[in-house]
Structures are given as C-alpha cells and as structure tokens.
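Open the structure in your viewer and keep the sequence panel beside it. The stops below say what to select and what is there.

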Amino acid sequence: MINQIKRCKSDKFGKAKAEGKYRGRRVNALLHQDIRDQLSLGRSYSEIQQKLGCSRAKVVN
C-alpha cells in the first residue's frame, strides 16, 4: 500500500517536472553563503547552527 502511494506520487511529480510545473524547493543561497563564511572563520558546526537557526545537516552538507 505504501509503495503504491509512493509510486503514484513519484509519477505525478515526474509528470509535473516534465511539464515545467514543479521545480522542487528553492535553494537558500544567502543561508549557504553565511554558512560558508562562518566555516571559513573557524566556527564550529554547533555555533553556526545556533547562530543561523538551521539544522546541523544543513551546516555539514
């Protein structure tokens, strides 16, 4: 049942992407630049995460 739902969603997203109606989530370029700047200053992942209010995964990736 769950696989069927996932497949249906995947088909719908694939169709929408092909038609140019779905582009996915936009990249937050400003946040990524802030993270790079903080990393270059030698700040820890935890400090960056707390200061910018984003997840640790966002900082690491």
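Select Gln-38 and show what surrounds it: leaving out residues up to four places away in sequence, Gln-38 touches Arg-43, Ile-48 and Lys-51, where contact means heavy atoms within 4.5 Å. Gln-38 sits in helix α2, residues 29-40; helices here are DSSP runs of H or I with at least four residues, strands are runs of E with at least two, and both are numbered from the N terminus. Gln-38 is buried, at 9% relative accessible area. Buried means under 20% relative accessible area, exposed over 50%, and partly exposed in between, with a 1.4 Å probe and protein chains only.

This is a predicted model, in which local features need pLDDT of at least 70 and side-chain atom pairs count only at pLDDT 80 or more, while totals for chains, interfaces and linings use all residues. Residues are numbered from 1 along each chain as its sequence is written, and side-chain values use heavy atoms, with hydrogens and water left out.

Next, select Leu-31, Ile-35, Ile-48, Cys-54 and Val-59, the five residues of the largest nonpolar core. Such a core is a set of buried Ala, Val, Leu, Ile, Met, Phe, Trp, Tyr and Cys residues joined through side-chain atoms within 4.5 Å. Stay on Leu-31: apart from neighbours within four places in sequence, Leu-31 is in contact with Leu-52, Cys-54 and Lys-58.

Now go to the surface and select Leu-39, Tyr-45 and Val-60, a nonpolar patch with about 240 Å² of accessible area together. Patches take residues with over 30% relative accessible area and no salt bridge, joining like charges within 9 Å and nonpolar side chains (Val, Leu, Ile, Met, Phe, Trp, Tyr) within 5 Å. Areas come from the Shrake-Rupley method with a 1.4 Å probe; for residues, only the protein chains shown count as cover. Val-60 belongs to helix α4, residues 56-60, and is partly exposed at 45%.

Turn to helix α1, residues 2-18. How many of its 17 residues are buried? The number is one, so α1 lies largely in the open. Arg-7, in α1, is exposed at 52%.

Select Glu-19 and Lys-21, whose side chains meet in a salt bridge at 3.3 Å, N to O. A salt bridge is a side-chain nitrogen of Lys or Arg within 4 Å of a carboxyl oxygen of Asp or Glu. Glu-19 is partly exposed at 45%, and Lys-21 is exposed at 67%.

Note on methods. Expected span 1.5 Å × (residues − 1).
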